[in-house]
Amino acid sequence: MKCERHDPRLLALALGLVATLCACQSKSGASDVLDPSAIAAPAGQAGTPAAPAQQANNQSLGGSTPGSPALVSATSGGPTSAAAAKAQLTLGAGPTKVAMLLPLSAPGSTGENGRKMYDGARLAMADLGDKLLTLTIEDTRGDSGYAKDLAVKAITSGTAKVVIGPSELAAAQHLAKLSGSRRPPVLALADNFAGGPGVYSVRLGEADSAAAGAAAIAAKGAKKFVLLVPSGADSSPIESRVANALSIYGATLAVTLPYSATDGGAKVVSDMSSLVEAPDAVVVACGDGSPTAVLAALKAKGIPGKAVTLIGTDRWLERPMDPLYEGAYIATLDEGETGPIADRFRATYKYQPDVNVAYAYDMVALSAGIASSAGPDGFNKQVLENTTGFRGSTGLFRFRADGSSQRSMPFFKVEKGRLKLVEKSTAGF
């Protein structure tokens, strides 16, 4: 199929120009989301997107006008006011209907992150989606039960072509259990969500981080790996992903050892020593718990050291950096780097964008790209699960048939209590 001619800025930014639809691809083989030269021009120059004071219709707030204080970011430097979160908001006027579920009025960090995602969505609509999408944003209030009800309504309404969100884990897990082949795809924003058929996990998960870290060390010549993983249902996906990643480099996962939070780490490390002779690397996943007990037991055995490399995961970083992390390698997103959107986002919203902004931006941009290249009916498995993937502000990623995602990401080493960049990106797919 020949490439259709669209607005050059849309072609440069849109995620959905996949190989199965269009022969236009980036040098990396992945569909591009961002072209800095196309979107970062100073105000007033050609190619600069309109300022994201979106056409936001707010029924419950008495029809606030676009750009009213309730609908813009706080000038003091922070995400959009919670006052804007108490209503259904509609952005854009395009033919493709998209539903987005965010915890806008939730208390604490949950609500703050939801409002950051809202600002990211607004920027993506200004850049790409305004004439392609009608984006309806509903407030889940951070309530898993309410989020589940809104999500079920969105996928059964017959109007939304894709649903972005929810960010509540229990609600996303409920959607993954539902049957039905005609429902729209869901791009779930929940942390630590494994995914399911047609319900795709957007955020970086521990399995992806562990697999990318192990693969990066295997690429340097390590051959024999051990995986220490918390007992429970999440252990199997992590084991599978790590083993698959290692096989690409001719490395093997010698043994996977589940551990419990009550054994202090000593037993699992003792078991490892008796089962595996001279491993090259040990991967430690931690789930919802802390890895420090296992790390202390490993340290007593001289790990990490010259002979054995220690590999952690992004979930270690949910806690303050511990001295026991020293010397470990971790593959994770660089939260301070959101690509070419960062400068414009700071100028418009008066605060530093983080991964919440970037995830929301990328998913709205993905939706706009698919709508641009394939129309409202282009949201299908062939497009979303294309093997070349997409390149967004969070880096290179792709969705798998089981709903999980794979990402290429920066690779770090913990030195003196800080992450030191080793490689800008782990290997691709």
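Let us begin with Arg-141, which is located in the loop between strand S7 (133-139) and helix H4. Helices here are DSSP runs of H or I with at least four residues, strands are DSSP runs of E with at least two, and both are numbered from the N terminus. Arg-141 has a positive phi, near 65 degrees, although the residue is not glycine. As background, most residues other than glycine have a negative phi, and most peptide bonds are trans.

Before going on, a word on the source. This is a predicted model, in which local features need pLDDT of at least 70 and side-chain atom pairs count only at pLDDT 80 or more, while totals for chains, interfaces and linings use all residues. Residues are numbered from 1 along each chain as its sequence is written, and side-chain values use heavy atoms, with hydrogens and water left out.

Two peptide bonds deserve attention. Gly-165 and Pro-166 are joined by a cis peptide bond with omega of about 5 degrees, and Pro-166 belongs to the loop between strand S8 (162-164) and H5. A cis bond also leads from Ile-303 to Pro-304, with omega near 5 degrees; Pro-304 sits in the loop between H9 and strand S14 (309-311).

I turn now to helix packing. Two packed helices are described by the angle between their axes and the distance between the axes. Axes are lines fitted to C-alpha atoms, for helices over the stretch in contact, and angles run from 0 to 180 degrees between N-to-C directions. Helix H4 (residues 144-156) packs against helix H5 (residues 169-177) at about 40 degrees, and their axes are 8 Å apart. Their crossing is right-handed, meaning that the near helix is turned clockwise from the far one. On the H4 side the contact (heavy atoms within 4.5 Å) includes Ala-147, Ala-151 and Ile-155, and on the H5 side it includes His-174 and Leu-175.

For helix H3 (residues 108-129) and helix H11 (residues 355-374), the angle is about 35 degrees and the axes lie 7 Å apart. This crossing is right-handed. Among the residues that meet are Met-117, Gly-120 and Ala-124 of H3, with Ala-360, Tyr-361 and Val-364 of H11. By class, this contact has 12 nonpolar, 4 polar and 2 charged residues. Here Ala, Val, Leu, Ile, Met, Phe, Trp, Tyr, Cys and Pro count as nonpolar, Asp, Glu, Lys and Arg as charged, and the others, Gly among them, as polar.

Next come the strands, which pair if DSSP finds at least two bridges between them. Strand S19 (residues 411-415) is joined to strand S15 (residues 329-331) by 3 bridges, in antiparallel fashion, and Ile-330 has Phe-412 as its bridge partner. S19 also pairs with strand S20 (residues 418-423), antiparallel, over 5 bridges. Val-414 is opposite Leu-419, and Lys-413 is opposite Lys-420. S19 and S20 form a hairpin with 2 residues between them, and Lys-416 in the turn has a positive phi of about 55 degrees.

Finally, the largest pocket has a volume of about 840 Å³. Its lining comprises 43 residues, with Asn-192, Glu-206, Asp-234, Ile-238 and Arg-315 nearest the centre. On a 1 Å grid over the protein atoms alone, a pocket is an open set of points where a 1.4 Å probe fits, with protein on both sides within 12 Å along at least five of seven lines, and lining residues have an atom within 4 Å of a point. The volume is the space filled by probe spheres set on the points, which are joined across faces, edges and corners. H7 gives the largest share of the lining, 5 residues.
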